[in-house]
Structure formats: structure tokens, C-alpha cells
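Me: Please show me the structure. Then let us work through some geometry questions.

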Amino acid sequence: MQHWQLFSTPLHLSPEQVRQLWPRLHRGDTEPCPTADDLLEAWTLFHRGEFEAAVERGLSLTAKGQHAAWTLVNRATAVYANYMEPQESLRLNLLEQAAEQARMHTELQPDNPNAWYLWAYSLGRYAQGISVAKALAQGMGIRVRDALEKTIALNPAHSDAKFALATFHAEVIDKVGELIARMTHGARKDLGLALYAEAHAHNPSSLVGMLEMAKGLVMLEGDAQQAHAHTLYQQVSGAVATDALEHLVVALARATLSDL
Amino acid sequence: MAKKAPRRTAERILEVTLKLFNRFGEPNVSTTLISSELNISPGNLYYHYPAKDELVNALFARYQASLHKLLAAAPEVADLEDAWFFMHSLLEGIWHYRFLYRDLNDLLTKNRKLEAELKNMLQLKTSAFLALLQSLDHHGVLAINATERDLSATHMVVMLTWWLSYEYVRDPRHAMEDENAQQSLLRGAQHVLGLLWPYATPEARAHLQHLMRVYSGTDGPRLQKA
């Protein structure tokens, strides 16, 4: 099997450092810090940017019946696919795989919000990858929305799911227009804006959230939001990244701003 | 302007993608090639355009917008100079987005938007050519009845739309390169205009022959006097 691309500069994070940074790194998904050392070590690989190794380690734990490790496996797969995999077909395969695994995870742990969130996240990214219009025609929109709503119902403090649900509203409206979006997919501009505001208020330091919000606000309100979006890009690009995902996000914001 | 940062990146991605699509054909251009050509990370490309289809759709939307603007001018075409300019501008649009025609069958099979919209585009072009022919008839440039207008409008649309494919087959290695654009477009405009010949009034016919000679850069076509 072809190996995944390596993160440019793997970070030197120890499990103990990850434990200390955990509240900040997982404020968005509220995943509890693992009490078992082996799972914390697997998460450490993820935060260092060793995504393939994180998945391998995670799978060895799920094989032993540690269902919570599916969150790590699916997150690492989806994040790698979304930010690092250069080949479109491989990227889509990985997202599809993560979505299927997350769906299984919801059966194993139906009360685990991150099982639902990662199902929505992987499926949503997959839907974007094959084009939103095509995905909506195949009925994926409803599944993504329902899984995000389920996540929030299980844990109202899940700000990542709120950012994602806001993006769902923005993407659908952007692709099919406000009227059809409301009538056929229940997507509404006011709901999207309210969800972004709520998620941002709850987790104002979420770099991924700010990046998604910058794009989504422009989709929802066009030029009226350009200045706001620009401020968000500046905030993200000036932030100090603590783990690999944040490094990827900061680099993306900087690249966007450097195009001036 | 500083406030346009997100748009600027998206714009740069579109410009480079269009260049690559035109040069190598859409099926031969991967997202990997696009991000490496732009020297941006895959994540950055996906952030702005999560699917290759979105790139195709965004480029098509631009083509459509520019074409609509141009086609709206068809009823105002009052003489042969206008007509020549109109054909040439349409061909320039096609040249600018030539990837759409280069791999048309492939794109039509896999892209729903193109499947739905391209036939509307042909219909719009046909209506515009009908308006153009009517206007030229009205201004005494042509003497053409309704049946002949219907036939000619279709002939003109077909020739204009697939002119570049004809050029491509004649010289696959060079026809799609930028340095050959001017000559291809001139030849195309000349031949589309030539379809008016049978209906041109005697004064217009002399003018038409003159125009075709000037724009062909040679002695022009050997048209027989009717």
C-alpha cells in the first residue's frame, strides 16, 4: 500500500504535553482526554502530524475492543485526506472510508457525539469533493445535517459541530440558491449565521472554525462579509499553532493572505 | 484590495486551472498538478475548490456570463462589419474556454451542470443568430426569408461552435497553442461569415468579399458570383 504523505515538520509533542494541551486542542469536539496510556499515545501521534501512524495505532486499539479509538482513527483519516492528500481519488477513498467507519462507530457507541460528528464531517467533505450539487442529488445532505444535529443534541457544547452545521447551510445555499435550499434541504441563511456566531462565541480560539467561518460568511452574505472574513484570516494567520492540524490551518490562512 | 484576500486566491486558482485545462485537456489535469503548479498545499486547493467539478463549473459560469453579454448584442448587428466583429468575439470566447470543446463528450458524461446548460447555450446562440439575420435583412444587407434564416442560424451555430475542433483535428500538435489563436479565429470568422454569401444583396456581396479578403490575410476565398 502506498504510504501517506508525511507532515513537513513533525512536532515534538509528548503524551504528557498532549495531556496538558488537551483542553485547548479538544475544546471544539469536547473529546475527553483518554485515561488509558495507549490511546493517549495514539492521539499524540495525531497531534504530532503522524497521521498514518496514528491510524495504525488506533486500529490496533479498536481491534482490542476500545471503541473510543474509532474517533481517533476517523479523525486522523479525515484530517489527512482533507488537508494533505494530493491525489483527488485517494482523498475521496479515504473520506468514504472514514465515513463508513464512523457510521459503524455510531452503531457501536450511539451516545458518543464524536462518532456522529465524524460521520457528518467525513461525509460532508466527501460530498464537497464530488461536488455539493451531485451529493445533494444523492441525498447526502440530509444525512450530514441529521448527524450534525444528533451530535449537538448529544452535546450542546460541541462547537465543531455547530461550525460544521453552519457550513452545511452556507454550502447548500451557495450551490442551489436560497429558495431551493430552504424548501428541499432545510438550509437557511439566518440559521447559518446564527450557528457561526454561536460556535465562535463558544470557542473563539478555534482556528479551524474561524477558517470555515471566513469562507462560509462570504458564501452567505457575499461582499458584505469580505472585511469580516479578512479579519478572521488575519487572526488565524497570526495565531501560534500548537499541533499539526493547527499548523496546517495557519499555513493555509497565511497562503490566502499572501495572495494580496 | 486587501479586503479581497479570499477571492484573490480563488481567482488565481481559476486562472491557472483554465490555462492547464486548455493546454492539456480537463481529463488530463489532476488536482495534484493544479496545486503543484500554483505551489499551494492540497488543503489550500480543497479549501477553495473542494472538487474538480467545482473548478469546471466556476469556469463554465464565467464563460456563460461573457457569452450572454455578447449574445444580447445580436439584434443590434446592422452591417457586415458588425457581423464580422460579432463572430470573431464569439470565437474568441470559445478559444478562451476551449477545454470545454476539446473534451466535450467526456465533460458531458460526467458533469450534470454542463449536461443541462450546454444545450441551452446552443439554443441561445441559435436565437441570437436568428436575431442577427433578421436585423441584417431589415437593414438591406441580406435578402433572406424565415425558412432560410432558420437553416442559416443553425449552420452558423454549428460551424462556429465546432470550428476549433476542426482546426484541432487538422493540426493536433499545434492548433491549440496560443500563437496559433489569431489565425484560427480569423479563419473561423471568415467561414461563418461566408455562410451569408448566398443571401447577400449585390452591394453587400462586394463588401462581404472585400471583408473576407481583408480578414483572411490572403486573396480571400474564391467565391463565385451568383
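The questions and answers below concern a predicted model.

Me: How many helices and how many strands does chain B have?
Reply: The elements of chain B, read from the N terminus, run α-α-α-α-α-α-α-α-α-α-α-α. The tally for chain B is 12 helices and 0 strands.

Me: What box do the C-alpha atoms of chain B fill along the principal axes?
Reply: Chain B has 226 residues, of which 35% are buried. Taken along the principal axes, their C-alpha atoms fill a box of roughly 65 × 40 × 30 Å.

Me: What distance separates the centres of domain 1 of chain B and domain 2 of chain B?
Reply: Domain 1 of chain B spans 1-50, and domain 2 spans 57-216. In their contact, 8 residues of domain 1 of chain B meet 9 residues of domain 2 of chain B. The domain 1 side of that contact has 4 nonpolar, 3 polar and 1 charged residues. Over C-alpha atoms, the centres of domain 1 of chain B and domain 2 of chain B lie apart by 29 Å.

Me: Which element of chain A gives the most residues to the side that touches chain B?
Reply: The contact takes 29 residues from chain A and 26 residues from chain B. Elements giving two or more residues on the chain A side include α4 (69-83), α7 (132-137) and α12 (207-221) of chain A. By class, that side of chain A has 16 nonpolar, 8 polar and 5 charged residues. The top contributor there, with 6 residues, is α14(A).

Me: Are α6(A) and α8(A) roughly parallel or roughly antiparallel to each other?
Reply: Helix α6 (residues 113-130) of chain A packs on helix α8 (residues 140-154) of chain A with axes 8 Å apart. The angle is about 155°. Angles over 145 degrees count as roughly antiparallel. Therefore α6(A) and α8(A) are roughly antiparallel.

Me: How do the residues of the contact of α6(A) with α8(A) divide by class, and what are the counts?
Reply: On the α6(A) side, the residues include Trp116(A), Trp119(A) and Leu123(A). On the α8(A) side, they include Arg143(A), Leu148(A) and Lys150(A). The contact of α6(A) with α8(A) divides into 12 nonpolar, 2 polar and 2 charged.

Me: Is the crossing of α8(A) and α9(A) left-handed or right-handed?
Reply: The axes of α8(A) and helix α9 (residues 159-176) of chain A come within 9 Å and cross at roughly 155°. These two helices are therefore roughly antiparallel. The hand of the crossing of α8(A) and α9(A) is left-handed.

Me: What are the class counts for the contact of α8(A) with α9(A)?
Reply: Among the α8(A) residues are Val144(A), Leu148(A) and Ile152(A). Among those in α9(A) that they meet are Leu165(A), Phe168(A) and Val172(A). The contact of α8(A) with α9(A) divides into 8 nonpolar, 2 polar and 2 charged.

Me: Is Ser131(A) buried or exposed?
Reply: Ser131(A) sits in the loop between α6 and α7 of chain A. Its phi is near 95°, a positive value in a residue other than glycine. A residue counts as buried with 20 or more other C-beta atoms within 10 Å. Ser131(A) has 23, so the label is buried.

Me: Is Asn39(B) buried or exposed?
Reply: Asn39(B) lies in the loop between α2 (31-38) and α3 (42-48) of chain B. Asn39(B) also has a positive phi, about 60°, although it is not a glycine. Asn39(B) has 9, so the label is exposed.

Me: Leaving aside neighbours within four places in sequence, which residues is Asp79(B) in contact with?
Reply: Asp79(B) is in the loop between α4 (52-71) and α5 (80-96) of chain B. Asp79(B) is partly exposed, with 15 other C-beta atoms within 10 Å. Beyond its neighbours within four places in sequence, the contacts of Asp79(B) are His139(B) and Val141(B).

How values were computed. Residues are numbered from 1 along each chain as its sequence is written. Chains are lettered from A and ligands numbered from 1 in the order in which they are written. This is a predicted model: local features need pLDDT of at least 70, side-chain atom pairs count only at pLDDT 80 or more; totals for chains, interfaces and linings use all residues. Axes are lines fitted to C-alpha atoms, for helices over the stretch in contact, and angles run from 0 to 180 degrees between N-to-C directions. Helices (H or I, at least four residues) and strands (E, at least two) are DSSP runs, numbered from the N terminus. Angles under 35 degrees count as roughly parallel, over 145 as roughly antiparallel, 65 to 115 as roughly perpendicular and the rest as oblique. Two residues are in contact if their C-beta atoms, placed from the backbone, lie within 7 Å. Ala, Val, Leu, Ile, Met, Phe, Trp, Tyr, Cys and Pro count as nonpolar, Asp, Glu, Lys and Arg as charged, and the others, Gly among them, as polar. Domain bounds come from an automatic or database domain assignment. A residue is buried if 20 or more other C-beta atoms lie within 10 Å of its own, exposed if 12 or fewer, and partly exposed in between; C-beta atoms are placed from the backbone. A crossing is left-handed if the near helix is turned anticlockwise from the far one by less than a right angle, and right-handed if clockwise.
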